[in-house]
Amino acid sequence: MSDKIRVLIVDDSASVRTTLSDIIASDPDLEVMGTAADPYIAVERIRHEVPDVIFLDIELPRMDGLTFLRKLMSQRPIPVVICSSLAQSGSDTFMQALEAGAVDVVAKPRVDTAQFLQESRMRICDAAKAAAHAKLRGIKKAAPPMTVEAKLNADSILPPLSDHRRQSLIERLPVTDPIVAIGASTGGTEALREVLEQLPAASPAILIVQHMPDKFTTAFARRLDAGCAIAVKEAEDGDLVMPGRALIAPGNFHMLLVRNGSRYTVKIIEGHHVSRHRPSVDVLFRSTAQSAGRNALGMLLTGMGDDGARGLLEMRQMGSPTIAQDEETSVVFGMPKEAIQRGAAARILPLGKMAGEITAFGRKGPAAAGDYA
């Protein structure tokens, strides 16, 4: 038996099936178990061999992908990654798919340039590996190590601080309104919804990086805004960071926190992929460490890989209270585990306690930092 992760591709486009198959087959840890042009063909393939992961389009003949997903999750749960070209017009459907049990979402591969194809390959292969090790209905699997590959870190966006510069900033940073910086990846959409829906309207300002494709973050923010007491929006360059509002980094762009006196705004930039992602949690956390220091609370939630671990450590070194989600409640215990191993997380908590910590920090502000030492 092969140790490779077996992937079933369900898409009505022959060209997409071919491109996805080529991308997945190019990774030594993955293999294409088969392809299907519609859900009925997929069911027949699953009856003969159960895949580790399914890549599923939303718009399919004979049965739409959302209906198939719901039937699958109720009868034979298998990790599903939504692979769709739907953008703003269909992104609400994508949100319904995540709520129905899909593990992740990726955009259909772009082949117009070598750079876009490489970015698509990295995102698709990482999504397949993360999905294969996600917990479904209480099933736990250990997350695999990331593929060894050269990757840029936050140094390419924002220079790190020397020990002298860090100490100088700690001493000079004024006390300001509290800010909460949150990073998440696989499983994060539902985790964030659970946290934000528990928060009162008078919560501190929140900045969020959730690994998600371009365009889909707009629908994600809109969906959260409809169900939360706080306001939630996709961040735009220059947006004011204010209490009672959460800003979500737009897909395919980094988000940085910038301080102007006692006020904060966000800066939205393109830049390189950092820790394999754009937006990157490390970029947000590092900028928050340097701009806000002990005025900010850092939280790293479920996700595969190590994005955010280094940045969370920098936040802690600047006096910020820091928290990582525990293994039991994480869909994939990759990012939090890496942060814990680096000593970046002062506390490890289950998801259900995160909202209370945000509320408490908003009430106490920088004085709460000592509680996390």
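Q: Which residues line the second largest cavity?
A: This is a predicted model. In it, the lining is made up of L98, V103, D104, V105, S185, T186, G187, G188, T189, Q210, H211 and M212.

Q: Which elements give two or more residues to that lining?
A: Those are β5 (104-107) and α7 (188-197).

Q: How much space lies in the second largest cavity?
A: About 50 Å³.

Q: How do its lining residues divide by class?
A: Four are nonpolar, seven are polar and one is charged.

Q: And where does the second largest cavity lie relative to the domains?
A: It lies between domain 1 (5-133) and domain 2 (156-364), because both give residues to its lining.

Q: How many cavities of 30 Å³ or more are there?
A: The count comes to three.

Q: What volume does the largest cavity have?
A: Its volume is about 70 Å³.

Q: What lines the largest cavity?
A: Ten residues do. D126, A130, S185, H277 and M304 are the ones nearest its centre. Helix α5 gives the most to this lining, with four residues. By class, the lining has four nonpolar, three polar and three charged residues.

Q: Why is the largest cavity said to lie between the domains?
A: Domain 1 (5-133) and domain 2 (156-364) both give residues to its lining, so the cavity lies between them.

Q: Switching to pockets. How much space lies in the largest pocket?
A: About 600 Å³.

Q: Which residues lie nearest the centre of the largest pocket?
A: A107, R110, P213, D214 and N252, out of 25 lining residues.

Q: Which helix gives the most to that lining?
A: Helix α5 (residues 114-132), with six residues.

Q: How does the pocket lining split by class?
A: It has nine nonpolar, seven polar and nine charged residues.

Q: Where does the largest pocket lie?
A: Between the two domains. Both domain 1 (5-133) and domain 2 (156-364) give residues to its lining, so that is where it is placed.

Q: New topic. What does UniProt list for "active site"?
A: The UniProt entry, which is unreviewed, lists S185, H211 and D307. They are spread over 123 residues of sequence, yet they cluster in space. The largest C-alpha distance among them is 9.9 Å.

Q: Which of that set is in the lining of the largest cavity?
A: S185 is. S185 and H211 are also among the residues lining the second largest cavity.

Q: Tell me about H211. Buried or exposed?
A: H211 is buried, because its relative accessible area is 4%, and the cut-off for buried is under 20%. H211 lies in the loop between β7 and α8.

Q: What does H211 touch?
A: Leaving out residues up to four places away in sequence, H211 touches R123, A184, S185, H277, P279, V281, D307 and M335.

Q: What phi does R62 have, then?
A: A positive one, about 70°, although R62 is not a glycine. R62 sits in the loop between β3 (53-56) and α3 (65-75). R62 is exposed, with a relative accessible area of 59%.

Q: What about K215?
A: Phi of K215 is also positive, near 85°. K215 lies in the loop between β7 (205-210) and α8 (216-227). K215 is partly exposed, at 38% relative accessible area.

Q: Last stop, helix α10 (residues 309-317). Which of its residues are buried?
A: A309, G311, L312, E314 and M315 are buried.

Q: What covers them?
A: The cover includes α9, β12 (296-300), β13 (322-325) and α11 (335-341).

Q: And what follows α10?
A: G319 does, and its phi is positive, near 95°.

Technical notes
Residues are numbered from 1 along each chain as its sequence is written. This is a predicted model: local features need pLDDT of at least 70, side-chain atom pairs count only at pLDDT 80 or more; totals for chains, interfaces and linings use all residues. Side-chain values use heavy atoms; hydrogens and water are left out. Buried means under 20% relative accessible area, exposed over 50%, partly exposed in between (1.4 Å probe, protein chains only). On a 1 Å grid over the protein atoms alone, a cavity is a set of points where a 1.4 Å probe fits but cannot get out, and a pocket is an open set with protein on both sides within 12 Å along at least five of seven lines; lining residues have an atom within 4 Å of a point. Grid points are joined across faces, edges and corners, and a volume is the space filled by probe spheres set on the points. Ala, Val, Leu, Ile, Met, Phe, Trp, Tyr, Cys and Pro count as nonpolar, Asp, Glu, Lys and Arg as charged, and the others, Gly among them, as polar. Domain bounds come from an automatic or database domain assignment. UniProt positions are given in the numbering used here, feature names are shortened, and annotations may be inferred rather than shown by experiment. Contact means heavy atoms within 4.5 Å.
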